[in-house]
Amino acid sequence: MSSDTLVSYPAGSTSSRGTVLATVALEQGLGVVLDRTAFHPVDAGWPDQPADRGTLAGHPVLDAVVGATDGGEIFVGRDIPVRKGTEGWSFVVVHVLAADAPVNVGDDVDVTVDEGYRNGLSAGHTACHLASLALDAALADAWTKEIGGDALGNPDFESNACQSSRIHEHGSVDVYRVGKSLRKKGFDVAALDDLDGVAARANAHLAEWVASDAGIRIDRDGEGLGDRRNWVCELPGGDAVIPCGGTHLTSLGDLGPVTVAFERAEVEGGVEITMHTTAA
Ligand SMILES: [Zn+2]
């Protein structure tokens, strides 16, 4: 049985009450681990969605990071030596408070998340997933060989080319790189010569999807931080399912218009494009 922190943010929760299980002195301050929390932490392994903002027992939370422990030391961020799901390890949310915050093991504490900031990040994350699907659809004709499909069955440019994804309030920035290996897989790099055309096609898909008011939910294997979670968007053509650890809106109807714009850079051995996604 896992003793991961039980997390309620995937279900949209922005407040919780929990018991302090451990505290740890970190460089950044006092790390506090609870049995359960509504606070979304940043995951150093794939830091797409930033940590929530808010308070713990009334004290400002300066940061929230994914940590891991085998029952001894608590490792945080990039110092975690194992992957999620490793036998004998628990994955925990580490809330970072000021070093002198008067919080002790055994305390029952309230966690309160800044709802406006969370909502902006949820909108940004939902728009980010939708934009990645729209980009795949816009580039579907650029492939000369069979390649695995994305959540809608289009050739998966996103997974093969994505270098980084950063979500902010009401938007995201995704960087894609096309080099030798992608060309070998059958991607015609000339498809990126007309990025205005790519943007126009992607934006047409986005407008259609947003107008569908499709419902969104998070399916998960359990309530633990390390349990597998999927974003499910009930698009008219069928459910789109993408593995995801973040937070989301519950309907595309809650998003304003979503649009993408591109920048292009020549890099060693290929082309890098940056997709800026904006949700009004
Ligand atoms: Zn995601």
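In what sense do β16 and β17 pair, and over how many bridges? The two strands run antiparallel, with 10 bridges joining them; strands count as paired if DSSP finds at least two bridges between them. This is a predicted model, so local features need pLDDT of at least 70 and side-chain atom pairs pLDDT 80 or more, while totals for chains, interfaces and linings use all residues. Residues are numbered from 1 along each chain as its sequence is written, and side-chain values use heavy atoms, leaving out hydrogens and water.

Helices (H or I, at least four residues) and strands (E, at least two) are DSSP runs numbered from the N terminus. Two residues separate β16 from β17 in a hairpin, and Gly269 in the turn has a positive phi of about 80°. Glu266 has Val271 of β17 as its bridge partner. On β12 (residues 171-178), which is joined to β17 by eight antiparallel bridges, Tyr176 sits opposite Ile273. Eight of the 10 residues of β17 are buried (under 20% relative accessible area, with exposed over 50% and partly exposed in between; 1.4 Å probe, protein chains only).

Helix α4 has buried residues too, including Leu206 and Trp209. These buried residues pack against α1, β14 (229-235), β16 and β17.

Then there is the zinc ion, with His125 (NE2), His129 (NE2) and Cys244 (SG) as protein donors at 2.1 to 2.3 Å. Donors here are N, O and S atoms within 2.8 Å of the metal (3.2 Å for Na, K and Ca); water is not among the atoms, so sites may look incomplete. His129 lies in helix α1 (residues 115-138) and Cys244 in the loop between β15 and β16, 115 residues apart.

Notes
Contact = heavy atoms within 4.5 Å.
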